[in-house]
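Thanks for making the time this morning.

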Amino acid sequence: MKTDSPLDYVQWYYDKDHYRWEHFPEVTDFINSFLAEIDGESVLNPGCGPQFYDWMLRFKSVPKKYVGVDISKSTITYLNTADDPRLVKARNAALETGAQSRILCADIFDLESEFTGKFDAVVATGFIGTFHGDDLNRLCRVFHSALKPDGMMVKLTWHGPHRTPEQTAEKLKYGYDSLEEHEPYRFLSQIEACGFSAGRHELFECDPETYQWDVIQGCVFRKG
Ligand SMILES: C[S@@+](CC[C@H](N)C(=O)[O-])C[C@H]1O[C@@H](n2cnc3c(N)ncnc32)[C@H](O)[C@@H]1O
């Protein structure tokens, strides 16, 4: 049973990402180059986490409609009310673009019928890598049906964590990770088998000691 991540955990997660964006510029360039592939009037960010606004500012074009979904109430509260100056800046910048953003507190699996055929792009970062086997197939079906014909999905996933057992236990408790590990090429094949074709695909090797992950996998898929 997953527990809602408390606000201080969400803040810690946001801090950690900002620290990494600043201190690992090559990794940030890699991540940004995939986010810069996101194009389209309607974009879905499932399992959006606290980086919902930061991610949008890196897309190729400003979407007219940008929808985030997160099962964690604290994450939604954080995104709507936190006064962390970096979040305030990103939220204001995102609002100034004129994009209509909506953040829903929900389980993505409950939104399949509501979302059918509504999106040009799905930004699947972090979240998708926490699903395996039949659960991953189910998740891919939700993304596939949410996309319009020829819609795109950008996937970024982190592989090979280096962390303490306590940190892992916390991640599992809050639905931020799973104990299983994806082998990147098999992961890609499983997503393709769910009706996606892979285009640009790259693996970025990180410094495990300082960045605390082995590899990041980026891939741009098209529906069909
Ligand atoms: C590993 S974090 C990823 C956050 C962000 N997308 C990123 O790139 O770092 C996973 C997020 O998915 C959310 N989550 C977990 N299960 C979910 C579900 N079934 N539906 C919607 N959100 C979910 C968690 O609350 C958490 O914010």
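Predicted model: local features only at pLDDT ≥ 70, side-chain atom pairs only at ≥ 80, totals over all residues.

**From a buried valine to the sheet**

Let me start with Val122, which has 27 C-beta neighbours inside 10 Å and therefore counts as buried, the threshold being 20 or more.

Val122 belongs to strand 4. If we set aside the neighbours within four places in sequence, Val122 is in contact with Leu44, Pro46, Phe143, Ala146, Leu147 and Met153. For contrast, take His23, which is 99 residues away from Val122 along the chain: the two C-alpha atoms are separated by 27 Å.

In which order do the seven strands of the open sheet stand? The order is 3-2-1-4-5-7-6, and the pairing is mixed. Strand 3, residues 100-105, and strand 6, residues 196-205, stand at the edges with a single partner strand each, so that one side of each is left without a neighbour in the sheet. On average, and ignoring direction, neighbouring strands here are turned by 15° against each other.

Staying with strand 4, residues 119-125, we find that it runs parallel to strand 1, residues 42-46, and that two bridges join them; within this pairing, Val43 has Ala121 in strand 4 as its bridge partner. Helix 4, which spans residues 73-81, packs on the sheet, where it touches strand 2, residues 65-70, as well as strand 3, and its direction makes about 150° with that of strand 3.

Strand 1 and strand 2 run parallel and are joined by five bridges, with Ser42 partnered by Lys65 in strand 2. Strand 2 also pairs with strand 3, again in the parallel sense, over six bridges, and there Val69 stands opposite Leu104 of strand 3. Is strand 2 largely enclosed or left open? Five of its six residues are buried, and strand 2 is therefore largely enclosed by the rest of the structure.

Finally, the ligand. Among the 20 residues around it, those that come nearest are Gly47, Gly49, Ser72, Thr125 and Gly126.

I am happy to take questions.

Technical notes
Residues numbered from 1 in each chain as written. Pairing = 2+ DSSP bridges. Helix = DSSP H or I, 4+ residues; strand = E, 2+ residues; numbered from the N terminus. Axes fitted to C-alpha atoms, helices over the stretch in contact; angles between N-to-C directions. Contact = placed C-beta atoms within 7 Å. Near = placed C-beta within 6 Å. Buried ≥ 20, exposed ≤ 12 C-beta atoms within 10 Å, placed from the backbone.
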